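Dear colleague,

Please find the structure below, handed over for your review. A summary of the findings follows it.

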Amino acid sequence: MKQEAKLGVLGGMGPQATQVFYQFVLDRTDALQDQDHLPAVILSDTGIPDRTAAILSGDTEGLYRRLLGDAKLLESCGCTALAIPCNTSHYFADRLQGEIGVPIIHMLRETAKLLAAQGKKRPGILGTDGTVRTGLYQKECADVGMEAAVPDREIQALVMSIIYDEIKQGEKGSRDKFAHIDRAIRGMGCDCAILACTELSVFSTYHPLPPFYVDAMMVLAERAVERCGYPLRTI
């Protein structure tokens with residue numbers, strides 16, 4: 001008997017963002033009743049250490065083992081695909097994939113592929129220091145023929161302030177700070193920008209952004225629906 005599709009969500013890295021991600025999945029599924037939605041197991045592991053701090057310090061093994069244990073738990077629950085909404089955690093995605101049998105939907109890779117298919121050439125990357133400094137998106141973009149651009153130190157500090165000082169503290173985020181970021185990114189010649197942090201995805205739910213911005217977490221939600229064999233809502 002064919003195994004029923006079941007999505008595993010390795011969340012908790014920003015509980016509010018995990019909630020927003022699952023809402024994205026619900027919103028993007030073409031469902032008329034409860035039974036039309038895809039089954040999901042959400043593991044909100046709020047005890048996972050801060051990813052950026054661990055990666056930049058070089059002390060990553062404890063974080064990796066925690067992520068692996070969570071991934072294996074979701075696998076043991078019968079999940080047929082795994083979604084990791086945290087962008088920075090994709091630093092470990094390929095290593096995790098090598099130790100579990102369930103496919104991980106690679107959010108960064110899928111986002112880069114989508115933009116390349118749209119003919120984009122120079123996406124700006126708005127994410128944590130951990131995501132930006134490790135070149136996670138830069139690599140994925142280069143692999144599909146795009147040249148990613150990252151903010152300078154001053155603008156990156158504003159991005160981090162929105163993420164850590166505002167959204168993670170339960171605030172809605174400063175529109176003025178984001179307007180400054182927007183001017184800088186467009187001034188760098190970018191033809192689009194990636195919201196490459198779950199807290200920025202949360203920001204966009206409070207402050208709707210123009211199509212120039214592509215939300216990686218929304219891309220992940222759409223791919224999750226598709227990978228589990230469910231129809232996407234088109235409007």
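A residue is called buried when its relative accessible area is under 20%, exposed when it is over 50%, and partly exposed in between, using a 1.4 Å probe and protein chains only. The model is predicted: local features need pLDDT of at least 70, side-chain atom pairs count only at pLDDT 80 or more, and totals for chains, interfaces and linings use all residues. Residues are numbered from 1 along each chain as its sequence is written, and side-chain values use heavy atoms, with hydrogens and water left out.

Asp215

With a relative accessibility of 11%, Asp215 counts as buried. This residue is found in strand S7; strands (E, at least two residues) and helices (H or I, at least four) are DSSP runs numbered from the N terminus. Beyond its neighbours within four places in sequence, Asp215 is in contact (heavy atoms within 4.5 Å) with Phe24, Leu195, Ser201 and Ser204. The side chains of Asp215 and Ser201 are joined by a polar contact of 2.7 Å. A polar contact is a pair of N or O atoms within 3.5 Å; within protein, one must be able to donate a hydrogen and the other to accept it, and residues adjacent in sequence count only if both atoms are side-chain atoms.

Pocket and cavity

On a 1 Å grid over the protein atoms alone, a cavity is a set of points where a 1.4 Å probe fits but cannot get out, whereas a pocket is an open set with protein on both sides within 12 Å along at least five of seven lines; lining residues have an atom within 4 Å of a point. Points are joined across faces, edges and corners, and a volume is the space filled by probe spheres set on them.

The largest pocket has a volume of about 210 Å³. Its lining comprises 13 residues, of which Leu209, Pro210, Tyr213, Val214 and Asp215 are the closest to its centre. Strand S7 (213-215) and helix H11 (216-227) each supply at least two lining residues.

The largest cavity has a volume of about 100 Å³. Among its 15 lining residues, Arg51, Cys86, Thr88, Thr128 and Glu199 are the closest to the centre. Helices H2 (51-57), H8 (153-166) and H10 (198-206) each supply at least two residues of this lining.

Sheet

Four strands form an open sheet in the order S2-S1-S3-S4, with parallel pairing, where two strands pair if DSSP finds at least two bridges between them. Strands S2 (40-44) and S4 (104-105) stand at the edges with a single partner strand each, so one side of each lacks a neighbour in the sheet.
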